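This report describes the packing within one two-chain model. The sequence and structure are shown first.

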Amino acid sequence: MMQIALTFAIGCFTLGLLMNLWRIVKAPGVGDRVLALDTMVINAIALLVLYGIAIGDAVYFEVSLIIAMVGFISTVAYARALLRGNIIE
Amino acid sequence: MMALWQEALVSFFLVVAGIFGLVGSYGLIKLPTPMTRLHAPTKATTLGIGGALIASMLANLFTTGVVSFHELMITLFLFLTAPITAHFIAKVHLHLNEPRDSLPPTGTETPWAGAPAQPEDPAD
């Protein structure tokens, strides 16, 4: 039962990742691209966590924590670059 | 080996996580305006990954008997940073797309920060 639920969740997040890719390719504005990239990071973390459940190994949590931090900083950097023209003033 | 109710609990959180994640990413494509599109990933997807992390925590607890706090740290970090990201992206949208006249009055002396067509401060 858990295997089926795990496969379902992995399928959902993979589909979400593909939707985000589509959004990045066909976005109406640059803000939507930044939002889609941020969502891609979150979906990638979810996939890593689900993979960690599937193989029963806790190594991937450190990886996902670091990816979460890098994703947040990159989103803020993109937003600042769009707002002010440069990142560190 | 997990008991049936333990597997059912983990499966429940996994299914909820998958549905919320999918709804968040689909809303990003489907919703009509930039401000409504902001809602889908910042709320639904964050809730989805929260469910996945709870499922991971429970699965780890049921198989090894050890409570792991890594997932709680990731959840805390994501739930703290999601509103900040949303705020920044909303700010970018206001800055790039909204004309200044369409914004409601701020109710204070200070105008909207970062709105376009603002006179450039020479001291900046």
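## A buried phenylalanine

A:Phe61 has a relative accessibility of 4% and therefore counts as buried (under 20% relative accessible area; exposed is over 50% and partly exposed lies in between, with a 1.4 Å probe and protein chains only). This residue lies in helix α3 of chain A, helices being DSSP runs of H or I with at least four residues, numbered from the N terminus.

Leaving aside residues up to four places away in sequence, A:Phe61 touches A:Val49, B:Ser56, B:His70, B:Glu71 and B:Ile74 (contact means heavy atoms within 4.5 Å). The C-alpha atoms of A:Phe61 and A:Leu48 are 7.8 Å apart, at a sequence separation of 13 residues.

## Basis of the model

The model is predicted: local features need pLDDT of at least 70 and side-chain atom pairs pLDDT 80 or more, whereas totals for chains, interfaces and linings use all residues. Residues are numbered from 1 along each chain as its sequence is written, chains are lettered from A and ligands numbered from 1 in the order in which they are written, and side-chain values use heavy atoms, without hydrogens and water.

## Nonpolar cores

A nonpolar core is a set of buried Ala, Val, Leu, Ile, Met, Phe, Trp, Tyr and Cys residues joined through side-chain atoms within 4.5 Å. The largest has 34 residues, and among those touching the most other members are A:Ile53, B:Leu14 and B:Ile74. A second, separate core of seven residues includes A:Val34 and B:Ile89.

Technical notes. Helix = DSSP H or I, 4+ residues; strand = E, 2+ residues; numbered from the N terminus.
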